[in-house]
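Please examine the sequence and the model shown below before reading on. The paragraphs that follow lead through the structure one region at a time.

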Amino acid sequence: MPIVPADSLERTVAAVFAACKTPPEEAQIVAAHLVDAEACGVVSHGLLRVPQYVEALAAGRIVPDARLRVVSETPATLVLDGQRGFGQVMALRAMEMAVERAEATGASTVSLANCSHTGRLGFYTEHAARRGMAAMMMVNSGGCGQWVAPFGGISGRLATNPLSIAVPSEGDDPIVLDIATSVAPEGKVRAAQTAGRMLPPGWVVDHRGQPASDPAALYGPPTGALLPFGGHKGFGLAMLVDALAGGLSGAGCCTDAGAPKAGETDGVFIVVVKIAAFQGLSDFRQNMGRLTRHVKSSPPSEAGVEVLVPGELEAKTRRRRLLEGIPVEPATWAACCGSN
């Protein structure tokens, strides 16, 4: 398996998008996001997306030089239109605008529609947390990408509808929750298929509703479905993410069973809270440090296995891979090189 330094990988990915007539700033933002996902070990939102984005650029479904448009605003709210631009570019700029408004007003709410796949949500909420904010972000697929069966059903009716929440903590790394409301993101199934691996039990059912371990059972034809995490709990969260991210942004919710599986019109809902407007930031950080130490003081369920708080595994993986290089699946590497 190739081990590639992060900076070299970032230059390569940026060059791929630049070759597709993406402006340098936008190409760098997307490349940095994808490589950071790989560095964190979140391969479902990393390099395997490069061919997907290149194909979307060639087909005109992503506008590489799109500009973010303000549809409406108040001092604490924004409704934004990504004008079919890169999701990573539009979502990062939306989060930065949300942070700026929260800095001025104490809290802000931003919706974003009409942008492509936004990628790893923890990237954005961590960005806000490092600026002294508590941030929540949720995303749907604008009514498309219905891979997930409802609780009690066997056919896809919802997208994976991810959710991320982050807060600053006492150390260098924020506490970052970043989850799909399905058992696993669709990208993890795609990554397993690319690597020729079978799936763990409980991820996917085939078109008859039978448990399946072959990733091909999801993609068909006929298509199977991902399962919601925790049964009715993940299903309930997924519906509410659809309502907020799709309904408030205007991107649309899941209403048509025949909607495309490869949706490229993400709906985004962001809430940012200025911690200092509620509690002293230093006091809050210390409180989060005490909470973290208390949680990690629990005896582990398995000898030699550390209790980890949300985001800790990704932060440790990132530090190690930035020093040692990022392992890339050979098939993914070949697909990325072929995209250039």
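In what follows, Ala, Val, Leu, Ile, Met, Phe, Trp, Tyr, Cys and Pro count as nonpolar, Asp, Glu, Lys and Arg count as charged, and the others, Gly among them, count as polar. The structure is a predicted model, in which local features need pLDDT of at least 70 and side-chain atom pairs count only at pLDDT 80 or more, while totals for chains, interfaces and linings use all residues. Residues are numbered from 1 along each chain as its sequence is written, and side-chain values use heavy atoms, with hydrogens and water left out.

Strands (E, at least two residues) and helices (H or I, at least four residues) are DSSP runs, numbered from the N terminus. Two strands pair if DSSP finds at least two bridges between them. Seven strands form an open sheet with mixed pairing, in the order β2-β3-β4-β11-β5-β6-β7. Its edges are β2 (69-74) and β7 (175-179); each has a single partner strand, so one side of each is left without a neighbour in the sheet. On average, neighbouring strands of this sheet are turned by 10° against each other, direction ignored; the angle is taken between axes, which are lines fitted to C-alpha atoms (for helices over the stretch in contact), and angles run from 0 to 180 degrees between N-to-C directions.

With β7, strand β6 pairs in the antiparallel sense over five bridges. Ile165 stands opposite Leu177 in β7, and Ser164 stands opposite Asp178 in β7. With strand β5 (residues 133-140), β6 pairs in the antiparallel sense over four bridges, and Ala135 has Ala166 in β6 as its bridge partner. Is strand β6 buried or exposed? A residue is buried when its relative accessible area is under 20%, exposed when it is over 50%, and partly exposed in between (1.4 Å probe, protein chains only). Four of the five residues of β6 are buried, so this strand is largely enclosed by the rest of the structure.

The spaces within the model come next. On a 1 Å grid over the protein atoms alone, a cavity is a set of points where a 1.4 Å probe fits but cannot get out, whereas a pocket is an open set with protein on both sides within 12 Å along at least five of seven lines; lining residues have an atom within 4 Å of a point. Grid points are joined across faces, edges and corners, and a volume is the space filled by probe spheres set on the points.

The structure holds one cavity of 30 Å³ or more, and the largest cavity has a volume of about 70 Å³. Its lining consists of Cys40, Arg120, Glu126, Arg130, Asp173, Pro174, Val176, Gly311, Glu314, Ala315 and Arg318. By class, four of these residues are nonpolar, one is polar and six are charged. Helix α10 (residues 312-324) gives the most to this lining, with three residues.

The second largest pocket contains about 240 Å³ of space. Of the 18 residues that line this pocket, Ser169, Gly171, Asp173, Thr292 and Val309 lie nearest its centre. Its lining has five nonpolar, five polar and eight charged residues. Helices α9 (281-296) and α10 each supply at least two residues of the lining.

Most residues other than glycine have a negative phi, and most peptide bonds are trans. A cis peptide bond joins Gly220 and Pro221, with omega about 5°, and the bond from Pro221 to Pro222 is also cis, with omega near -10°. Pro221 lies in the loop between α7 (216-219) and β10 (225-226), and Pro222 is placed in the loop between α7 and β10.

Arg84, which is not a glycine, has a positive phi of about 65°. Arg84 is found in strand β3 (residues 77-85) and is partly exposed, with a relative accessible area of 40%. Asn161 has a positive phi near 40° and belongs to the loop between β5 and β6. At 1% relative accessibility, Asn161 counts as buried.

Finally, how many disulfides does the structure hold? A disulfide is a pair of cysteine sulfur atoms within 2.5 Å, and the structure holds zero disulfides. The sulfur of Cys253 has its closest cysteine sulfur in Cys254, at 7.3 Å, which is too far for a bond.
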